[in-house]
Amino acid sequence: MRRSVTAAFMKFPPPARKSVLHLFGKYAPWEEGFDPTPPRVNRGEVTAAPDFVGIGAQKAGTTWWHEVISSHPQVYSRPDIHKERHYFDRYAIQPFGRNESEGYRGWFPRPPGTMAGEWTPDYVTMPWVPPLMRLAAPETKLLVLLRDPVDRISSGLAHVRRDRGRVTLADHKDAVARGFYHESLSWWLRDFPLEKILVLQFERCLQDPVGQISRTYEFLGLDPFVPQALGEKINPSSDVPKMEEDTRNRLTQLYLPDVQALCQSFPEIDPCLWPNFR
């Protein structure tokens, strides 16, 4: 019975499903109304600061990569806790101190001897988060998964349309702003050293998933492992509208200085893998 009800519920459009969940007081971590109180700690679990935090970028394969990381036997990801904590969103203009830091660490229950982390793609676009992250989790390692910034816009707007049923002018502005990767990462480099940040390219992960996940595991200090989930597609983009050529050209020129600066700061970035910057 429960399976049939769940299947029927999932046939509703996303905005309708969201409205129903809100009626029962259930909110996603990024929604206003979500309770940021840490979850209960089960028997045999301990809490500590996250070993890794993915900070970006939206619609660049972050759910896929987080699932692959979490499939490693040395990493623990509790199924009832979303990969995106969004803990720091609310502290743009609110006080943040010891209690708030302890609250964040409470979101990472795990058995002793295992690693735990999160991946909130919005963090890279929030300049107030790096100093707060340094207070709450100074030793965490940061992961960034980037995608051709022009292609990312189309996929991001398609995601908004599916989730909310419409796209506003504010959504267009937000989509463009998310593509200035070097500018965003410069905020993080003020509080975290370069060796604490691993920058990956979505396109390279598609071409060489085994090599790139091995690079990720090595960065995190994990033993070599080839996960079965590596070939699975999670949250693939669909119904992505084709961008007009004039718009594409203007956006490419807009992002070009930022992409050039990104490649200088992070030589591992290959602009030839981004169709609009070859």
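View 1. On a 1 Å grid over the protein atoms alone, a cavity is a set of points where a 1.4 Å probe fits but cannot get out, and its volume is the space filled by probe spheres set on the points, which are joined across faces, edges and corners. By this rule the chain holds 2 cavities of 30 Å³ or more. This is a predicted model, in which local features need pLDDT of at least 70 and side-chain atom pairs count only at pLDDT 80 or more, while totals for chains, interfaces and linings use all residues. Residues are numbered from 1 along each chain as its sequence is written, and side-chain values use heavy atoms, with hydrogens and water left out.

**View 2. The largest cavity.** About 80 Å³ of space lies in the largest cavity, and its lining (residues with an atom within 4 Å of a point) is made of 13 residues, with Tyr76, Ser77, Arg78, Arg85 and Gly117 nearest the centre. This lining divides into 6 nonpolar, 4 polar and 3 charged residues, where Ala, Val, Leu, Ile, Met, Phe, Trp, Tyr, Cys and Pro count as nonpolar, Asp, Glu, Lys and Arg as charged, and the others, Gly among them, as polar.

**View 3. The second largest cavity.** The second largest cavity has a volume of about 40 Å³, and around it stand Ala57, Gln58, Pro121, Val124, Thr125, Arg152, Arg178 and Tyr181. Of the residues in this lining, 4 are nonpolar, 2 polar and 2 charged.

**View 4. The surrounding chain.** Of the 278 residues in the protein chain, 46% are buried, meaning under 20% relative accessible area with a 1.4 Å probe, protein chains only.

Notes. 1 Å grid on protein atoms, 1.4 Å probe; cavity = no way out; pocket = protein on both sides within 12 Å on 5 of 7 lines; lining within 4 Å. Buried < 20%, exposed > 50% of the residue type's maximum accessible area, 1.4 Å probe, protein only.
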